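Trainee: I've got a model open and I'd like to learn how to read it. Can you walk me through it?

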Amino acid sequence: MDHAILFEDDDYELNMNHAVTPVQKLLLTLRFYATGSYLISAGDFIGVSKSSACLIVRDVSLAIANLRKEYVRMPENDLETRQLQKDFYKIAKFPLVIGAIDCTHVKIQSPGGPNAEYFRNRKGWFSFNVQTVVSSKLKIMDIVVRWPGSTHDSTIFSNSKIYQDLHITKKWGNSLIVADSGYANTDHVVTPFLNPQPGPENVYNESQIRTRNPVERTYGVWKRRFPILSLGMRFQVHKIQTVIIACSVLHNIAIDKNDKIPCDNSGIQLPEDVLENIPIIQNNQNNARSRLLNEYFSQL
């Protein structure tokens, strides 16, 4: 859904006797994202009514969401692709990876109507099931915000543009995405073995799981930065989508500005000369996991 046309039903006007500056509008919106409080409480922050606060959050969220193409993007050339592969390789020596994929539930209030139950997830509460692909530095490179909470992760992925780019157009060549066992193991998506055998399969699993760890860490950092994503938004469905996208843009800006995030020491520190010799594996089999096991992990 195009977030540029999400809002169309509100027609509030700010009291012109109480001019609100752009900075105040931004601060009110950030306060709302950070506290998840009612709009009336957010409005009290700068002395505006609930309806005016609603309009402010709407407009600011839309303005931030419109920055999506600039701040939320997959690699666009070979240099960026290769850099992502190097960054992921530093974690646990897993080659060719440019992203980690998963889904997370963003809590919402029941949307009501005949389709409300589609938003009830397996845990019993209402949500959007949001798919992201993240970098090793916890940046959100791709986000899909249009599926209700009852939708399975694999369904979201198979209907996403990132799937087409990986498997149909092969936009990033033989690059790989790491995923959990909820996804199908393909020539560009690699998942862990469910019952690994001692030896290369165990080595593969340990490396794959640690390489996939950034996506879980991203969700933790993202939701701590913006508690509104966990507390349950009370907007209409189409407004919630814009807030989620806006929070992904702000999250990436925070990373670009070196905003402090929780420390994590799970990655393997490797010498720079090793990093310059990441193995190049030809994509000549349909199953990337088998190819990696036979050509790479069995040699470690």
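Trainee: Let's start with the strands: which residue in β4 does Val97 stand opposite?

Mentor: Leu176 in β4 stands opposite Val97. Before we go on, this is a predicted model, where local features need pLDDT of at least 70 and side-chain atom pairs count only at pLDDT 80 or more, while totals for chains, interfaces and linings use all residues. Residues are numbered from 1 along each chain as its sequence is written, and side-chain values use heavy atoms, with hydrogens and water left out.

Trainee: And in which sense do β1 and β4 pair?

Mentor: Two strands pair if DSSP finds at least two bridges between them; strands themselves are DSSP runs (E, at least two residues), and helices are runs of H or I with at least four, numbered from the N terminus. Here β1 (residues 97–107) and β4 (residues 176–178) pair in the parallel sense over three bridges. With β2 (residues 127–134), β1 pairs in the antiparallel sense over eight bridges. Ile101 has Val133 as its bridge partner in β2.

Trainee: Is β1 buried or exposed?

Mentor: Buried means under 20% relative accessible area, exposed over 50%, and partly exposed in between (1.4 Å probe, protein chains only). Ten of the eleven residues of β1 are buried, so the strand is largely enclosed by the rest of the structure.

Trainee: On to α1: which of its residues are buried?

Mentor: An α-helix has 3.6 residues a turn, so residues three or four places apart point the same way. In α1, the buried residues are Leu28, Thr29, Phe32 and Tyr33. Seen down the axis, they fall within an arc of 135 degrees (taken from the directions from the axis to the C-beta atoms), so they line one face of the helix.

Trainee: How partly exposed is Leu27?

Mentor: Leu27 lies in α1 and, at 42% relative accessibility, counts as partly exposed.

Trainee: What comes just after α1?

Mentor: Gly36, which takes a positive phi of about 65 degrees.
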